[in-house]
Amino acid sequence: MIAFMFLGHDALTLIWFGLLGVLICGYAILDGFDLGVGILHPFVARDNQQRRLVMNSIGPLWDGNEVWLVTFGGALFAAFPVAYATVFSSFYAAFHLLLMCLIGRAVSLEFRSKVHSVPWRRFWDTLFFLSSISAAMLLGIAAGNILSGMELGPRHVYQGSLWSQLHWYPLLVGLTTTTLFALHGSIFLYLKTEDELQQRVRRFIMPLFCVFVAFYVAITMSTWIHVPHSRVYLNLHPWLWIVPVLNVFAILNIPRAMHLGRPGYAFFTSSSVIVAFACLFTVAIFPNLMLSTVDPNFSITLWNARSSHRTQAIMLVVAAIGLPCVLSYTSIVYWIFRGKVKLDSSSY
Amino acid sequence: MDVELLSRLQFAGTIMFHYLFPPLSIGLGLQLFLCELAYNRTKNLAWEAAARFWTRVFAVNFGLGVATGIVMEFEFGTNWAAYSRFVGDVFGSALAAEGIFAFFLESGFLAVLVFGWDRVSPKVHLFSTAMVFLGSVFSAVWIVVANSWQQTPAGYHIVWHDVQGVLEPRAEITDFWGMVLNPSSVDRLTHTLVGALVLGAFFVSSVSAYYLLKQRHHDVARRCLSISLPSAVVFTVLAAVSGHDSAQKLVHTQPAKLAAIEAHFQSSDEPSGLYLFGWPDVESEVVHFGVKIPRMLSFLVYSNFNDPVPGLDQIPAKDRPPVWLPFQMFHLMVTLGSALLLLASVSTVFWWRGKLESSHWLLWALVLSPVAAMAANQAGWITAEVGRQPWVVYPSVQDGVEMIGLRTSEGLSESVTAQQVLSSIIMFGVIYSLLFAVWIYVLNAKIQHGPETVDQLRQHKDDQLESFRESISHGGSSLGGSLMEDAT
C-alpha cells in the first residue's frame, strides 16, 4: 500500500516541501493571469461587449485555477500541520480579507451578466477590480512577511497583528506581485483577444513591464539588505545563482518576445519569471516555513512542522495518482477553450 | 463573549451557509445527468432544452459553493490551530485528497459543462456532466470520511511531541484504510449523499410543478417530473433506511449522542420508550409535553421490544452533549423526511394516473418542498455536530489501548482574540447576507426566464452551424490559434 515508505522521513519531507512549491507555482501562474485580467479589465475594456470578452477570457478557467490554492491549503495541512495551523491563525485578519476578495471575484464573475442593468454591471465590475487587485496585493504581503520573518513567540503562538504585517517590505513585495500579475494577465489577454481590443491591451504591456522592472530592482536590493538570511543558501550552494541569473534573462525576454510578435512565447516567459520567483522564495526561506524574529528557536521549520513518516508516504501515493489526472484534465479543458475568446449563449 | 463560543458560532454559521450549495450541486447534478442521458438516447431537443436550463441553475449554485467552500478549507487553520495540529495527519490528508481527487475534477469539467454546449459533441458533454457529478460525490466522500473519523476515530494512535519542552498530543495514522473506513464512514456518507439526492429531486420537481401551475414550458416540465418524482420516492426511502442504520450504530459508537437526540435521561432495566415530540429540560431531566411510544426506542435500536437503551446518566456530566438542540433537530429531520416521503409517493401516484396537473394543492406542495428538504439536510448536520459535543475528536479504544480525545474547547487558535473573531463574524454576516439575497434574486430570474423552446434551440443550433461553415469557407478557423501558437 505505502510504496513510498522506503524513502526516509527526511527525504519525504523535502519532497513535500518541493511539491508545495509546485502547487504554489501552479497557483501563481494560473490564478496570476486571471487576477491580472481582473486588475486590467476596467482599463482595457471600452464598452460592455469588451468587458464581457475580457471576463470570458478567464470564464471557464478561473475556478480550476483557484483549486490550486485550495489544494495547497490541504497539502500544507496534511504534510506540515503545525505550519498550516500557525500560518493561517497568524495571518488571521489578512487571510480573512483575502478570502473576501476571492469570494468577491467568484460572485462578480458569476453574477455580472445575469441581470441586464447598467448599475448592476457597474457594481460587479468595480467589485471584480477591487477584489482582484487586493487579492494580488495580499498574496504578496503574505509572501513578504514569510520572507522577512514574523513575531512568533514560544510554542507557535504569534504575537504580532495585522498592523505589524503591513510593514514597508511586505508592502513592496505586494506591489511587485501585483504588477507582475497585471503584466502576466495583459499578455494572456493579448493572446485571447483580437482586433481593436487586442490593440488596446497591447498599449498596456510595455508600461506595465517598465513599472515591474522598477519594482524588481527595488525588491532585489531591499531583500539583499533587509533579509540577510535569504542569502545563506545562495552562498552555501553557489550553483543556485543560476536561478536569479536566468530570471533576469527571462524578464528581459518578455519585451523581446512581444517585439518579435510571439505573444505565446512571451506568456511562457512571464510564467517562467513566476517560477523563478517561487524558486528564489523557496531557497530564501529554507529550511524555515515561518522564521521567528523573536527567537530563531521558536521558528517553524520543515522538521518540527511535518506530519508523520507514514502520512507523508501515503500522501505521496495520493499525489502520484492524483497529479497526472489533474494535469491531464487541466490540459483537456485548456485545449477545448483554446483560441480567441468568443461570446455565445453560455458566456458570462 | 469568549473566543470558544465565537469561534463555534463562526464555524456553525459559515458551514451552514456553505451547506446550502453542495447538496444542491450533488442532487441537481444527478438530475441534470439523467436529462442529458435522455437527450442522448432519444435525440429529442426538449431534453436538451431541459439540460441547458438546469445547467444555468447549476452554474450559479456551484459558483457560490466554491466561493463559500474556500473559506471552510482554511477556517481550521485560522480559528482552530490547536485542533489542526492534533488532527493534521488524518484530517489534513482527507482534505488534501479531496482537493486532488474531487475539486480539480469538478472545476475542470464544470467548464465544459457550462461553456461547452456549442464546443463539444453531446457525448463528450454528457461525459463531462458525469465527471462533475462524480467530482461532487468524491468531495462528499472525503469530507464525510474526515468528519466521521472525528466521531468514531480508527486506524490511528496518539503520539506525544516535545514542543519546546512541553508535550503535545497528536493523532497519527497507523492504518490508512482503517481510518478511511472507520465505523461510521459508510453509513454517514450514504445518508449524507442520499440527503443531497433527495434535495435535487425535489428541487427539479418544484420548478417543474411551478411551470405547470403557471401554464408554461409544459413539455420540459412534464419530462423533468417523469425523472424527478420517481427518483424522489427512491431517495426518500433510501434516506429513511440509511438514517435508521446510522442511528442504530450510535448505541455502540456514540451512546451519549443517541441519548441526547432521544432525550433519554435515565437508564433503567425496563424497555425504553420513544418520544414523538416534546420539550426536554436538562435541569430536571424530564421531557415536558412529551408523547412517548412505549418500548419503541428499544425496538428501533435493538430490533426487539425488550432491551433497555442506556441513558444520559451513564455518561460523566462533563462529557454530556446539549440535549434540547439535538433532540429538536433530530425530530425535525425525521418529521420532514417522513413528510417528503409521503409527498413523493402521493405525487408519483397522481402523476401515474394523470391527475397531478389538475391537483393544484399537490403542485403547490411540490413547489415548497425544496425548503423542507434543505431544512432536513441542515437539521441532520446540526444533530450530528451538536450531538458529538463536548468532543471535536471522540476518545476511543484502539487494539485495547485507550486513546485520548480532543475537546472543542482545547482546539482553538492560541493567538486569535475574541475581538478578531467577532470582526470576522460581522464580516461574514454582512457578505453572506448579501450573497444570499443575490443568490435568491438570480435563481428567481433564471427560473422566471425558464428553458428555451424547442424552436429557439433549433434556431440556435442552425445559427451555430452557419457561422461554423462561414468561418471554414473564409479559410480561418473560428477556434483561432492555440494558446502557445504565435500570432502573426
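In this predicted model, the side chains of Arg85(B) and Glu168(B) meet in a salt bridge, with 3.2 Å from N to O. The pair ties together distant parts of chain B, since Arg85(B) sits in helix α4 (residues 81-115) and Glu168(B) in strand β2 (residues 166-173), 83 residues apart. Both partners, Arg85(B) and Glu168(B), are buried. They also belong to a network of salt bridges that links Arg155(A), Arg85(B), Glu168(B), Arg170(B) and Glu414(B).

**The contact between chain A and chain B**

- Chain A contributes 81 residues to the contact and chain B contributes 86 residues, and the two chains bury about 7,200 Å² between them, with 72% of this area on carbon and sulfur atoms.
- Of the area that chain A buries against chain B, 10% is supplied by Phe77(A), Tyr92(A) and Arg155(A), which is more than any other three residues supply.
- The count of salt bridges between chain A and chain B is 1, and Arg155(A) forms a salt bridge with Glu168(B) in which the closest N and O atoms are 3.5 Å apart.
- On the side of chain A that touches chain B, the elements giving two or more residues are α3 (62-79), α4 (81-90), α5 (92-111), α6 (118-148), α8 (168-192), α12 (263-285) and α14 (309-336) of chain A.
- Polar contacts across the interface of chain A and chain B amount to 13 residue pairs, both residues of each pair being at pLDDT 80 or more.

**Salt bridges within the chains**

- Over all chains, the structure holds 24 salt bridges.
- In chain A, Asp125(A) forms a salt bridge with Arg51(A), with the closest N and O atoms 3.0 Å apart, and this pair links distant parts of the chain, as Asp125(A) lies in helix α6 and Arg51(A) in helix α2 (residues 48-58), 74 residues apart.
- Asp125(A) counts as buried because its relative accessibility is 7%, which is under the 20% limit.
- In chain B, Arg223(B) forms a salt bridge with Asp219(B), the closest N and O atoms lying 3.1 Å apart, and both residues belong to helix α8 (residues 218-253), where they are 4 residues apart, about one turn of the helix.
- Arg223(B) is partly exposed because its relative accessible area is 21%, and Asp219(B) is likewise partly exposed, with a relative accessible area of 37%.

- Trp224(A), Ile225(A), Trp241(A), Val245(A) and Phe249(A) form a nonpolar patch on the surface, and together they have about 560 Å² of accessible area.
- Helices α9 (195-226) and α11 (242-259) of chain A are the elements that give two or more residues to the nonpolar patch.
- Trp241(A), one of the patch residues, lies in the loop between α10 (232-236) and α11 of chain A, and Trp241(A) counts as partly exposed because its relative accessibility is 34%.
- Thr223(A) is found in helix α9 of chain A, and Thr223(A) is buried because its relative accessible area is 16%, a value under the 20% limit.
- When neighbours within four places in sequence are left aside, Thr223(A) is in contact with Tyr169(A), Pro228(A) and Ser230(A).

Terms used: Residues are numbered from 1 along each chain as its sequence is written. Chains are lettered from A and ligands numbered from 1 in the order in which they are written. This is a predicted model: local features need pLDDT of at least 70, side-chain atom pairs count only at pLDDT 80 or more; totals for chains, interfaces and linings use all residues. Side-chain values use heavy atoms; hydrogens and water are left out. Patches are made of residues with over 30% relative accessible area and no salt bridge: like charges are joined within 9 Å, nonpolar side chains (Val, Leu, Ile, Met, Phe, Trp, Tyr) within 5 Å. Accessible areas come from the Shrake-Rupley method with a 1.4 Å probe; for residues, only the protein chains shown count as cover. A salt bridge is a side-chain nitrogen of Lys or Arg within 4 Å of a carboxyl oxygen of Asp or Glu. Buried means under 20% relative accessible area, exposed over 50%, partly exposed in between (1.4 Å probe, protein chains only). Contact means heavy atoms within 4.5 Å. Buried area is the accessible area (1.4 Å probe) that two parts lose on being put together, summed over both. A polar contact is a pair of N or O atoms within 3.5 Å; within protein, one must be able to donate a hydrogen and the other to accept it, and residues adjacent in sequence count only if both atoms are side-chain atoms.
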